[in-house]
Amino acid sequence: MKNAAKRMGLVALPILSLVVAAASALAAAEDGRQTVESVCNRCHTHEPICQNLNRNEAWWHMTALRMINNGAPISQNQAKDTALFLATLKPGSEPVCK
Ligand code: HEC
């Protein structure tokens with residue numbers, strides 16, 4: 001009984017941490033979407049964002065940090081989440097191209 005419980009724990013813990021990791025990645029991407037929708041069209045339209053949807057996460061992170069320098073009112077964390085979100089968007093997709 002004790003061993004069975006221990007074994008269950010050994011199986012359950014890694015699964016649980018995977019679920020938690022997946023959930024926080026989803027939350028980060030959702031935060032990124034909100035930032036893009038509410039902040040990234042204040043100084044320019046979504047057009048330059050739409051035109052760069054083939055870029056990777058590193059490029060978006062660098063660009064989001066540059067937007068902070070340009071005066072964008074977002075945190076370092078939001079810059080990261082924005083990069084995570086934009087790097088997953090396929091060229092032509094919502095919410096930046098439609
Ligand atoms: C405070 C004003 C401001 C806000 C808010 C802003 N931008 Fe910009 N953005 C600029 C300016 C100014 C430029 C042109 C100069 C430059 O590229 O840094 C620009 C250019 C860009 C470009 C074109 C860059 C290139 O290399 O072709 C992209 C992509 C971009 N912004 C993405 C974003 C994203 C993503 C956000 C939201 C996190 C954002 N911007 C929010 C001011 C802003």
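**View 1. Helices α3 and α4 cross in a right-handed sense.** Here, right-handed means that the near helix is turned clockwise from the far one by less than a right angle. Helices are DSSP runs of H or I with at least four residues, numbered from the N terminus. This is a predicted model, where local features need pLDDT of at least 70, side-chain atom pairs count only at pLDDT 80 or more, and totals for chains, interfaces and linings use all residues. Residue numbers start from 1 along each chain as its sequence is written. The axes (lines fitted to C-alpha atoms over the stretch in contact, with angles from 0 to 180 degrees between N-to-C directions) of α3 and α4 come within 8 Å and cross at roughly 140°.

**View 2. A closer look at who touches whom between α3 and α4.** On the α3 side, look for E57, W60, H61, A64, L65 and I68; they meet α4 residues including A79, A83 and L86. Contact means C-beta atoms, placed from the backbone, within 7 Å.

**View 3. Helix α1 (residues 2-38) packs against helix α4 (residues 76-88).** Their axes sit 7 Å apart at an angle of about 95°. That makes α1 roughly perpendicular to α4 (the label covers 65 to 115 degrees). Among the α1 residues that meet α4 are A28, R33 and V36.

Note on methods: Helices (H or I, at least four residues) and strands (E, at least two) are DSSP runs, numbered from the N terminus. Angles under 35 degrees count as roughly parallel, over 145 as roughly antiparallel, 65 to 115 as roughly perpendicular and the rest as oblique. Two residues are in contact if their C-beta atoms, placed from the backbone, lie within 7 Å.
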